[in-house]
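This briefing covers a single protein chain, with the structure shown below. The points that follow are grouped by topic.

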Amino acid sequence: ERTLEVLNRYLETGPVNDIDSTVRIAELPDADIITVSGAANTLNSIKIELDPAQKRDFVRRLIAAMGPRIIDGDATDCSRLAWLYLQDGNKRRAREIVQVGLGLDPESEFCLNLMRKVE
């Protein structure tokens with residue numbers, strides 16, 4: 001778990017190829033929700049500017065990887081998936097996922113903030 005955290009920190013500050021590597025790891029069939037959610041968090045928090053087409057590709061790949069696994073997630077994971085949907089322009093699906101997150105934790109700061117954005 002600590003190794004994954006250190007790797008994610010490195011990838012957050014690394015070049016675009018490292019982001020691609022993070023997404024590829026999340027796409028592995030045996031990747032768990034923690035790994036996929038961590039990849040989504042990395043993409044959502046990167047400090048470098050990505051080409052819009054490249055970012056859209058990463059977002060869609062992570063949605064595809066995270067969507068089926070969200071059943072195992074918590075409210076924070078739901079907020080990360082909802083943010084990906086917002087980045088992809090799907091406000092309706094983002095709202096649905098935020099509602100799931102709020103069902104898990106009605107006081108989730110991340111979900112409450114996103115709910116304001118999608119309403």
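Thr 35 is found in helix 3 of this predicted model. With a relative accessible area of 18%, Thr 35 falls under the 20% limit and is therefore buried. Leaving out residues up to four places away in sequence, Thr 35 touches Leu 4 and Ile 25.

**Overall make-up**

- The protein has seven helices and zero strands.
- Read from the N terminus on, the order of elements is α-α-α-α-α-α-α.
- Of the protein's 119 residues, 42% count as buried.
- Taking contacts between residues at least 6 apart in sequence, 61% join residues at least 24 apart.

**Nonpolar core**

- The largest nonpolar core has 32 residues, and those touching the most other members are Leu 43, Leu 62, Met 66, Leu 81, Leu 84 and Val 98.
- At least two residues of this core come from each of helix 2 (16-27), helix 3 (33-45), helix 4 (52-66), helix 5 (75-87), helix 6 (91-104) and helix 7 (109-118).
- Leu 81 has contacts with Ile 63, Met 66, Gly 67, Ile 70 and Ile 97, when residues up to four places away in sequence are not counted.

**Helix 3 against helix 5**

- The axes of these two helices, helix 3 and helix 5, come within 9 Å and cross at roughly 50°.
- Helix 3 and helix 5 are therefore oblique to each other, and their crossing is left-handed.
- Helix 3 brings Ile 33, Ser 37, Gly 38, Ala 40, Asn 41, Leu 43 and Asn 44 to the contact, and helix 5 brings Asp 77, Arg 80, Trp 83 and Leu 84.
- Sorted by class, this contact of helix 3 with helix 5 holds five nonpolar, four polar and two charged residues.
- Leu 43 and Leu 84, which take part in this contact, are also among the core residues that touch the most other members.

**Helix 5 against helix 6**

- The axes of helix 5 and helix 6 come within 8 Å and cross at roughly 170°.
- An angle over 145 degrees counts as roughly antiparallel, so helix 5 is roughly antiparallel to helix 6.
- On the helix 5 side, the contact is made by Ala 75, Cys 78, Leu 81, Ala 82, Tyr 85 and Leu 86.
- On the helix 6 side, the contact is made by Lys 91, Arg 93, Ala 94, Ile 97, Val 98, Val 100, Gly 101 and Leu 104.
- The contact of helix 5 with helix 6 divides by class into 11 nonpolar residues, one polar and two charged.
- Leu 81 and Val 98 belong to this contact, and both are listed among the core residues touching the most other members.
- Ile 97 of helix 6 also takes part in the contact and is one of the residues that Leu 81 touches.

**Partly exposed positions**

- Ser 21 lies in helix 2 and, with a relative accessibility of 33%, counts as partly exposed.
- Ser 21 and Ala 39 are separated by 18 residues in sequence and are 9.5 Å apart in space, C-alpha to C-alpha.
- Asn 113 lies in helix 7 and counts as partly exposed because its relative accessibility is 36%.
- Asn 113 and Val 98 are 15 residues apart in sequence, with 9.6 Å in space from C-alpha to C-alpha.

Terms used: Residues numbered from 1 in each chain as written. Predicted model: local features only at pLDDT ≥ 70, side-chain atom pairs only at ≥ 80, totals over all residues. Heavy atoms only, no water. Core = buried A, V, L, I, M, F, W, Y, C linked by side-chain atoms within 4.5 Å. Buried < 20%, exposed > 50% of the residue type's maximum accessible area, 1.4 Å probe, protein only. Helix = DSSP H or I, 4+ residues; strand = E, 2+ residues; numbered from the N terminus. Contact = heavy atoms within 4.5 Å. Axes fitted to C-alpha atoms, helices over the stretch in contact; angles between N-to-C directions. Parallel < 35°, antiparallel > 145°, perpendicular 65-115°, else oblique. Left-handed = near helix turned anticlockwise from the far one by under 90°. Nonpolar A, V, L, I, M, F, W, Y, C, P; charged D, E, K, R; others polar.
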